[in-house]
Amino acid sequence: MNKKELSYYYERIVLGIIFILLTFVIGQSLLYTLITDRENDRNQPVTRVKVTYEDTTCFLDLPTKLSDIKPGTSVTVSFNVPKYATCLYFGSIYCPLEVSVDGLTEYRYGANYSSNMFQCPPLKYDMISLRNSGADHNIEMHYTSTEYLGGVILHSPLYGDSNAIVHHLFNSYGTLMLNSVFFTTIGAILIFFSLFYLKSPGRGRIFFWPGMLTFSAGIWQYSENQLAIYLTKSPAILYAAGLVCMYFLVIPLTNSTIYCLSLDHNKVLKVMIHIETWIFIITLFLALLGVLPLHKTFSYYQFYITFCLLILAITVIWELKNERQWTRVLFFIAIITLALASILEIINFYTHFLDQMLLIFQLALFIFALFIGLIGGFQARKIYRKSIITIELQNDMKLQAQTIDAEKKRIELLLAHYDEIRKQRHDLRHHLATMSELLKAKHYIELSTYLSSVEKDIPSLETKKYCENIVVNLAITYYTEQANALGISLDYNLEVSKNNTHISDSNLSVIFGNLLENAIHACIDVPEKSRFIKLNSQIRGEMLFITMDNSCSGMLSPNGDLYNSTKHQGAALGLRSLKSISERHGGSAKFNASENVFQSEICVRL
């Protein structure tokens with residue numbers, strides 16, 4: 001990797017870091033403009049409550065989980081809030097909830113909820129206003145346990161001013177929500193970008209599957225965010241989208257591994273893709289029929305995701321034995337981090353050492369996506385460079401085909417002349433007899449006239465010689481005919497050796513062919529009287545120096561060391577091919593465009 005390429009990568013990495021930082025800074029600024037100053041923050045969490053269920057009454061610290069409670073059991077949580085409190089913020093974690101304030105029912109949620117896919121109400125966070133009664137408020141929250149949790153999770157409510165509560169939510173969960181929106185947006189952009197490669201699926205997959213991974217992760221993170229749930233009017237849709245994306249996650253994860261690390265040959269990963277796809281389809285099908293609701297498979301899917309991550313890690317280690325690449329080492333570190341986070345989430349599901357579920361895994365997934373983005377970008381760069389080389393080769397093959405076509409025409413001309421010669425050889429005996437009789441009769445004038453007529457009938461085999469190299473000479477002949485037809489003034493002074501050690505005749509013909517083809521295209525945009533091409537070449541030691549000046553319209557725009565094509569976006573393929581061939585053969589290529597003249601300087605080792 002040369003200094004120019006290193007500079008390119010450093011520049012892109014720095015720009016990417018700046019973009020991410022700006023996104024978070026601007027996003028945080030926008031979030032804080034929606035809320036009041038910190039001086040007005042007046043909210044307090046409820047940490048000690050009275051809990052009554054069945055025949056049990058006790059005082060508990062929040063948050064907590066009541067386990068081993070039969071489904072349908074009513075759990076009442078009682079506490080008081082000061083009279084200055086104007087709002088109460090609370091959550092219902094997968095169970096119906098009814099909230100009473102001073103003996104009056106102010107809020108109901110999930111009592112009549114019914115769905116095949118989800119038999120328990122979706123996660124919901126909400127806020128109600130408290131009337132000014134001049135005394136402390138008595139709050140009773142009546143939960144109904146569900147089969148999903150095997151008990152009731154008691155969230156810590158907040159009381160105080162509504163602006164202060166919203167400020168607290170934005171301060172606690174705003175960054176995570178912004179992170180999920182960022183993930184979803186980047187994923188959508190990558191998926192959209194992959195559509196430009198429909199004709200080349202191999203390239204599109206490098207963008208499509210990481211895009212699906214980040215998009216699914218973003219939706220899943222958003223569905224688990226307290227602030228997002230509070231702002232969403234349809235928690236059921238958010239709940240469904242989050243679970244479906246979580247179950248789907250292993251498919252783009254495995255595909256991203258395959259295409260970002262070029263592991264198309266790995267049979268284990270191919271089998272994993274089929275298994276993961278069918279498990280996902282069967283899970284959704286059973287959920288739609290109501291046989292196996294999605295929430296009942298949640299804990300199993302946590303084990304399933306962890307298992308898939310470990311299989312991916314083992315597979316990457318196995319591939320590292322065969323070929324140690326930095327992309328695979330980087331991916332292994334990322335996948336192990338994600339697997340450890342998944343194990344911690346399984347522990348958290350049963351112990352609840354963190355209040356927010358899946359937070360560890362989501363943060364690890366964010367880091368993993370950054371790694372995938374880096375690896376995918378590197379692979380996309382490699383594919384782009386290979387595609388450029390392929391296009392250059394196609395362009396070179398086209399020029400060589402044109403040289404072959406010129407040789408074919410010459411051979412056809414030789415064959416036609418050969419047939420003519422055969423006919424004349426048949427008549428040669430008669431010509432010789434006639435000339436012999438004229439000579440014997442001393443009719444010298446008639447003999448001279450007869451010889452002239454015979455000479456005119458002999459076909460000409462002459463081909464103009466521009467240089468010693470036959471293949472290059474044919475290429476120049478081919479383009480010279482095109483230039484003459486367009487009224488282009490030509491001036492050649494060429495020195496090209498017949499036999500060369502370090503460069504093939506075909507590559508030399510491509511160089512001269514590219515130069516002349518580009519020059520002819522440039523001359524077409526110029527008035528006929530002003531069209532010209534001046535082509536020179538000289539041998540100095542082992543190096544061949546080629547210079548060419550040709551007329552042009554002066555509308556060329558630079559693209560690094562090259563110039564943009566007038567026929568398509570990006571640098572001209574002919575110039576790119578010239579630069580590539582010259583550098584591969586120990587030389588260089590320089591181009592310069594003035595107002596009406598385009599100058600080319602090529603040198604290669606012979």
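**Reading the features**

Author: A nonpolar surface patch of about 440 Å² is formed by Phe192, Phe193, Leu195 and Phe196. Patches consist of residues with over 30% relative accessible area and no salt bridge, where like charges are joined within 9 Å and nonpolar side chains (Val, Leu, Ile, Met, Phe, Trp, Tyr) within 5 Å. A salt bridge is a side-chain nitrogen of Lys or Arg within 4 Å of a carboxyl oxygen of Asp or Glu. Accessible areas come from the Shrake-Rupley method with a 1.4 Å probe, and for residues only the protein chains shown count as cover. Phenylalanine 192 belongs to helix α2 (residues 162-194).

Reader: On what basis are such values and numbers given?

Author: This is a predicted model, in which local features need pLDDT of at least 70 and side-chain atom pairs count only at pLDDT 80 or more, while totals for chains, interfaces and linings use all residues. Residues are numbered from 1 along each chain as its sequence is written, and side-chain values use heavy atoms, with hydrogens and water left out.

Reader: How many helices and strands does the secondary structure of the chain contain?

Author: Helices (H or I, at least four residues) and strands (E, at least two) are DSSP runs, numbered from the N terminus. Here the chain has 14 helices and 19 strands.

Reader: What share of the residues in the chain is buried?

Author: Buried means under 20% relative accessible area, exposed over 50%, and partly exposed in between (1.4 Å probe, protein chains only). Of the 606 residues in the chain, 45% are buried. The chain exposes about 32,300 Å², of which carbon and sulfur atoms supply 59%.

Reader: Which residues of strand β6 point one way, and which the other way?

Author: Cys87, Tyr89 and Gly91 point one way, Leu88, Phe90 and Ser92 the other way, and all are buried. Six of the six residues of β6 (residues 87-92) are buried, so this strand is largely enclosed by the rest of the structure.

Reader: Which strands pair with β6?

Author: Two strands pair if DSSP finds at least two bridges between them. β6 runs antiparallel to strand β9 (residues 124-129), with six bridges joining them; leucine 88 has isoleucine 128 in β9 as its bridge partner. β6 also pairs with strand β12 (residues 158-160) in the antiparallel sense, over three bridges, and there tyrosine 89 stands opposite leucine 158.

Reader: What is the strand order in the open sheet of five strands?

Author: The order is β13-β14-β15-β19-β18, and the pairing is mixed. β13 (489-493) and β18 (588-593) stand at the edges with a single partner strand each, so one side of each is left without a neighbour in the sheet. From one strand to the next, the twist averages 10°. Axes are lines fitted to C-alpha atoms, for helices over the stretch in contact, and angles run from 0 to 180 degrees between N-to-C directions.

Reader: How do β14 and β15 pair?

Author: Strand β14 (residues 532-540) and strand β15 (residues 543-551) are antiparallel and share eight bridges. Isoleucine 539 has leucine 544 in β15 as its bridge partner, and asparagine 536 stands opposite threonine 547. The two strands form a hairpin with two residues between them, and glycine 541 in the turn has a positive phi of about 70°. β15 also pairs with β19 in the antiparallel sense, over nine bridges; methionine 548 has serine 600 in β19 as its partner.

Reader: Which helix lies across β13, β14, β15 and β19?

Author: Helix α13 (residues 505-524) does, running at about 10° to β15. Glycine 513 is in this helix and is buried, with a relative accessible area of 1%. Its C-alpha atom is separated by 7.4 Å from that of tyrosine 479, 34 residues apart along the chain.

Reader: Where is the cis peptide bond, and which residues other than glycine have a positive phi?

Author: The peptide bond from leucine 62 to proline 63 is cis, with omega near 0°; proline 63 is in the loop between β3 (56-61) and β4 (64-67). Glutamate 54 has a positive phi near 50°, lies in the loop between β2 (48-53) and β3, and is exposed at 52% relative accessible area. Tyrosine 94 has a positive phi of about 60°; this tyrosine is in the loop between β6 and β7 (97-101) and counts as buried at 10% relative accessibility.

Definitions and conventions
Contact = heavy atoms within 4.5 Å.
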